[in-house]
Amino acid sequence: AVITKVDLMDKGTETINLLKGVTLPVKLGIIGVVNRSQVDIEKGKNIKDALEFEESFFSKHHPVLSSKMGTKFLAETLSVLLMGHVKKCLPALRAKISHMKGVQETVISNLGTPVTNPGPALLNQISS
């Protein structure tokens with residue numbers, strides 16, 4: 001799960017328990033991120049500065065969890081999950097493609113030998 005705008009959560013909120021997955025346990029864990037606000041965007045805060053602020057925020061407010069928080073960690077985690085899914089699905093996909101290729105090769109072979117010089121065949125077809 002992803003929790004956005006962690007920097008805007010009220011001081012009384014049990015943020016640490018939420019980020020640790022105590023409040024809401026989920027299978028793959030919870031990653032907190034700090035997004036640029038509309039004001040930040042309007043003031044021209046670039047992505048690099050926003051990522052630096054995010055890293056600084058988690059280091060200051062949640063130092064124990066800071067290595068597993070933020071946009072960078074989210075991107076890495078999603079990449080690992082995606083690659084795992086692709087590796088899991090790839091063998092079945094290869095088998096399906098191989099089967100479909102075999103079916104089409106059979107269809108092509110049933111069409112007969114290729115015509116190398118279509119002239120006489122076309123003339124014969126037109127004449128009949």
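Reader: Which residues does Thr15 touch, not counting residues up to four places away in sequence?
Author: This is a predicted model, in which local features need pLDDT of at least 70, side-chain atom pairs count only at pLDDT 80 or more, and totals for chains, interfaces and linings use all residues. Residues are numbered from 1 along each chain as its sequence is written, and side-chain values use heavy atoms, with hydrogens and water left out. Contact means heavy atoms within 4.5 Å. Under that rule, Thr15 touches Val6, Met9 and His62.

Reader: Is Thr15 buried or exposed?
Author: Thr15 sits in helix H1 (helices, H or I with at least four residues, and strands, E with at least two, are DSSP runs numbered from the N terminus). Buried means under 20% relative accessible area, exposed over 50%, and partly exposed in between, with a 1.4 Å probe and protein chains only. Thr15 has 10% relative accessibility, so the residue counts as buried.

Reader: What is the volume of the second largest pocket, and which residues line it?
Author: On a 1 Å grid over the protein atoms alone, a cavity is a set of points where a 1.4 Å probe fits but cannot get out; a pocket is an open set with protein on both sides within 12 Å along at least five of seven lines, and its lining residues have an atom within 4 Å of a point. Grid points are joined across faces, edges and corners, and a volume is the space filled by probe spheres set on the points. For the second largest pocket that space is about 160 Å³. Its lining is Val6, Asp7, Met9, Asp10, Lys11, Thr13, Thr15, Phe57, His61 and His62.

Reader: By class, what residues make up that lining of the second largest pocket?
Author: Ala, Val, Leu, Ile, Met, Phe, Trp, Tyr, Cys and Pro count as nonpolar, Asp, Glu, Lys and Arg as charged, and the others, Gly among them, as polar. The second largest pocket then has three nonpolar, four polar and three charged residues.

Reader: Which element gives the most to the lining of the largest pocket?
Author: The largest pocket has a volume of about 220 Å³. It is lined by 14 residues, and the closest to its centre are Glu55, Met69, Gly70, Lys72 and Phe73. Two elements, H3 and H4, each give two or more residues to this lining. The one that gives the most, with six residues, is H3.

Reader: How do the residues of the largest pocket's lining divide by class?
Author: Sort the lining of the largest pocket into nonpolar, polar and charged residues.

Reader: Why are Phe53 and Phe57 separated by about one helical turn?
Author: Phe53 is partly exposed at 36% relative accessibility, whereas Phe57 is buried at 10%. Both belong to helix H3. They are separated by about one turn because their spacing in H3 is four residues.

Reader: What is the angle between the planes of Phe57 and Phe58?
Author: Phe58 is buried, with 2% relative accessibility. Its ring and that of Phe57 are 5.4 Å apart, centre to centre. The pair is edge-to-face, at 75°.

Reader: How many salt bridges does the structure hold, and which residue does Lys101 pair with?
Author: A salt bridge is a side-chain nitrogen of Lys or Arg within 4 Å of a carboxyl oxygen of Asp or Glu. The structure holds two. In one, Asp40 and Lys45 meet at 3.9 Å, N to O. In the other, also at 3.9 Å, Lys101 pairs with Glu105.

Reader: Which helix holds Lys101 and Glu105?
Author: Lys101 is exposed at 52% relative accessibility, while Glu105 is partly exposed at 45%. The two lie four residues apart, about one turn of the helix. That helix, residues 71–110, is H4.

Reader: What is the phi of Lys5?
Author: Lys5 lies in the loop between strand S1 (2–3) and helix H1 (15–20). With a relative accessible area of 39%, Lys5 is partly exposed. It is not a glycine, yet its phi is positive, at about 55°.

Definitions and conventions: Phe/Tyr/Trp six-rings, centres within 6.5 Å; stacked < 30°, edge-to-face > 60°.
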